[in-house]
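These are my notebook entries on a structure I looked through today. I wrote each one down as I looked it up.

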Number of protein chains: 2
Amino acid sequence: MDRTKLRWNGWGFAAHKDELAAREEVWAWLAGELRMPALLATPARPLEDVELPPGALSAGDRMALAAIVGVDRVRDDKFERAFHTRGRSTLDLLTLRAGDLSAAPDAVVTPRATEEVLAVLALAAEREMAVIPFGGGTGDGVAAPRGPFSAAIALDISQMDRLLALDPVSQIATAQAGIAGPALEKALAAKGFMLGHYPEAFEFSTLGGWIAGDGTGQAANRYGSAKDWLASAQLATPRGLFAAEGPLKDLLIGSQGRFGVITEATLRVRRLPVVTGQRAYLFRDFASGIAAVRDAAQAEIPTVLLRLSDAEETRFWHGYSQAGKAKGLAARLMRRYLDWRGFGEKASGLVARFEGEATSVSRARRDFAAIVKKHGALSFRVDEPWKKSAFFAPYLRDSLLDRGVGYDAIETAASWSKLESVYGAVQGALESAIAASVPREGAKGVVMGRVGPSTANCANLVFTYVFPRALKNDVEQAAAIKKAAMDAIAASGPATDRAGADVRRAVKMALDPKGVLNPAA
Amino acid sequence: MDRTKLRWNGWGFAAHKDELAAREEVWAWLAGELRMPALLATPARPLEDVELPPGALSAGDRMALAAIVGVDRVRDDKFERAFHTRGRSTLDLLTLRAGDLSAAPDAVVTPRATEEVLAVLALAAEREMAVIPFGGGTGDGVAAPRGPFSAAIALDISQMDRLLALDPVSQIATAQAGIAGPALEKALAAKGFMLGHYPEAFEFSTLGGWIAGDGTGQAANRYGSAKDWLASAQLATPRGLFAAEGPLKDLLIGSQGRFGVITEATLRVRRLPVVTGQRAYLFRDFASGIAAVRDAAQAEIPTVLLRLSDAEETRFWHGYSQAGKAKGLAARLMRRYLDWRGFGEKASGLVARFEGEATSVSRARRDFAAIVKKHGALSFRVDEPWKKSAFFAPYLRDSLLDRGVGYDAIETAASWSKLESVYGAVQGALESAIAASVPREGAKGVVMGRVGPSTANCANLVFTYVFPRALKNDVEQAAAIKKAAMDAIAASGPATDRAGADVRRAVKMALDPKGVLNPAA
């Protein structure tokens, strides 16, 4: 993937055409949702207008790095530094769009081999340079630190991107950690296999980032998260190369590059599915949808994806799809039918997806249909291919950011018995925090919740929220809203994981005694 | 469970009647198997004949312990110290039977509450007493250390044995870690739930021991191991009480009490099955059995247990069951039929077990039948209830030890593509080591292998071996045989987990800086 063709302050390719920008009927509808008179254009600051902090890499360090990776793989031009300044969380994007590049690394180093990574880390420890491991840069946790370092370098491993081995008998594959989602799945598919980790950032994120960031895949009901599919990893640290298999493997998941650079990962893979299928359902309310999803999880029905939207998310996306459309007779009749059947404003939508052998898929569909029927749902056909919508959100976010609108999401998990109380607490916290920060009297946000991947014991809860930005201080506004949600999550969950923090500190000391690895994460 | 009614140097209740002892036809058959002229009685040394090292607990420390748990819960009588001297591995039993109680703790402390455990650990750290956490004492890793400690106390948590909470909606239960297998399953069953962790030591081992020892349950195909069913734990350490949830939870599994005392565990449980079923199969050889088990695992057929014996194990247990019986016409006809069908001396037996809802069990049986048929197996009814044989091995071992015969087992795991080469290497190492150590020319051992719980990627391999003991140095003999197997496993597996050792050392320092917890483990 050619990095220079990507956006440094947004999602995807610079050449990507934002088709939403011109659909004024959508913006009019959204302005109404947010109780704003209009949504004006708020373009990001272009790179030419932005200042970077002066690079702090000494000529000697630059030469030493060039001696390891080659002179053309130590870059400090404006685009490279800007591209690697931050991740692509909403807070990151608001910061970048405002032209704040204060967290830029002094240089970007792009190794091609594990030996080069090791040599760079040894050099960094010796010369006290901070190292920020960088995969796709789609998450957060990739800012350069302020502090007692001679320089900060982004170590971009996205060119270590090969599938190295596949054991078809044991269904295990090994790949370099810089491989991006589509390239990994393509290489596996060529041999009849798949991994199935599909975060929203799938197109641009890397295998190593999926591990270090511990993101949730949308098809995790079947294909799991890193803790399920990661068999072992190779970790380069300032103290040398480690095979991460037992506890160190577990610690790498979510480590944000603070223990070392994941250079290779060995994965449990699966045979490509023979058939796939999808279906949508409508429940009278969120609670009956939750009960159905729980029953399906506890009956171990092998769904690939069950995504249950609350009433607000169901209503919002329906409104989005209908924006500007005249309400035809069929739509009016359908509405009347749904009202008559009791599917009013509390109705909650569910999308279910199935993949596998023909027999197991047809069984799963039948078993699942019986469960949703018990909970009173209506069933609908889905025509749109799943992957068309699965990776859409980060593009939509850019469109919204260009029109003065904030868009962010936060995720947590709760046991089934606590799910509804956690949902209520976080939703309430988000609504209050947005109400306290809107740029004009009467304006409001839209807070949507959904149940994502689940197990027999617990489920993921994802909150997506859209709000009118207070343009003069939108970074602080977005941070305050997110913090309110995180505080609500912390208050409704178990106490802080003090022991986990102790363990991580002890391990960090053992692997990176000088503390050069991602100090700002 | 009343500890004073258990054997201090063997398995189970002292009152347990060894029905095998008098079956001379079995001993004659086994002597033939081992090429020994006869198997003479080799009784263990009785407790009255055995000397214990003098207790090193000072009067002051004893009073301080008594102030925490009560005076009757600090014991140092001969039986208590002998009972807690070692675990119940074969090496432990040979040592105990020879009257070697040099690893006895100076006292046994039996707390009833987490606060008492914490206070004992704080006192131990202050006064530099070693603490050996003790659950059921059925594994290994419970010997008192030699070294710079003022005393060594066994901290027996078997009276912390209550089910504390059950969340039926989330299918999560919390229990004190000293609860033994049968009591835990009984308490869960009273509420309609089960855990399903059935190691051979199930009857006498505890929940905390299952975690700290990371044992394999025989029904792990469905019910998993600690890494699957443990949601979180409470850990008492010299530095205080920790909620072990993230990496610390993972580190506790297999920790042998070296990080602290597990006082409570929160478990993912399941609804009791509605139906259960069992079936036996005979394959022409081990390799076709392995292929069938692998196909079943990779097709995700929800079996509870698939236990595939190699030809030697199949032959040995058939011989055991037929010992002394005249071969009737039916048996001779069956033998002729099997020979004719190609099931000769390489034939390998498989037992499969299914549990769950009626529909899912009947589907699983049907799907599994199709797979074994593809691999050319014959199918047989099984009449004996599974649990009758599941916990039989440790009793059999005592019977064998009483007749000059050694019995031990060793377990490893291998990916499917390496399974047969690991199997061959370990089997060969065991046979050579036994041949090098038999007490008389021409005598031999029996080395049996089987495939235990498996996943889509790998399977457990269990080797059970029976050998004539060199009575004058049988501890060394048994240790040498086991070491040969472990060396073969190490040579055929990945390199030592150096990083894991570093991580564990760092965590140990953080939680137990004085190093008082189980120093000999």
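Is Glu128(B) buried, partly exposed or exposed? I keep in mind that this is a predicted model. I looked up the accessibility of Glu128(B) and found 39%, which counts as partly exposed, because that class lies between under 20% for buried and over 50% for exposed. Its place is in the loop between α5 (114-127) and β3 (129-134) of chain B, and its phi is near 55 degrees, a positive value in a residue other than glycine. I noted the background as well: most residues other than glycine have a negative phi.

Next I turned to Gln171(A), whose phi is also positive, near 55 degrees, and which lies in the loop between β5 (163-167) and β6 (172-176) of chain A. Gln171(A) is buried, with a relative accessible area of 5%.

Then I looked up where the chains meet. The contact takes 41 residues from chain A and 41 residues from chain B, and the area buried between them is about 3,200 Å², with carbon and sulfur atoms giving 49% of it. On the side of chain A, Pro247(A), Arg363(A) and Asn457(A) lose the most area to chain B, together 18% of what that side buries.

I found eight salt bridges across it, and 22 residue pairs in polar contact between chain A and chain B. Arg363(B) forms a salt bridge with Asp367(A), and their closest N and O atoms are 2.8 Å apart.

Terms used
Residues are numbered from 1 along each chain as its sequence is written. Chains are lettered from A and ligands numbered from 1 in the order in which they are written. This is a predicted model: local features need pLDDT of at least 70, side-chain atom pairs count only at pLDDT 80 or more; totals for chains, interfaces and linings use all residues. Side-chain values use heavy atoms; hydrogens and water are left out. Contact means heavy atoms within 4.5 Å. Buried area is the accessible area (1.4 Å probe) that two parts lose on being put together, summed over both. A salt bridge is a side-chain nitrogen of Lys or Arg within 4 Å of a carboxyl oxygen of Asp or Glu. A polar contact is a pair of N or O atoms within 3.5 Å; within protein, one must be able to donate a hydrogen and the other to accept it, and residues adjacent in sequence count only if both atoms are side-chain atoms. Helices (H or I, at least four residues) and strands (E, at least two) are DSSP runs, numbered from the N terminus. Buried means under 20% relative accessible area, exposed over 50%, partly exposed in between (1.4 Å probe, protein chains only).
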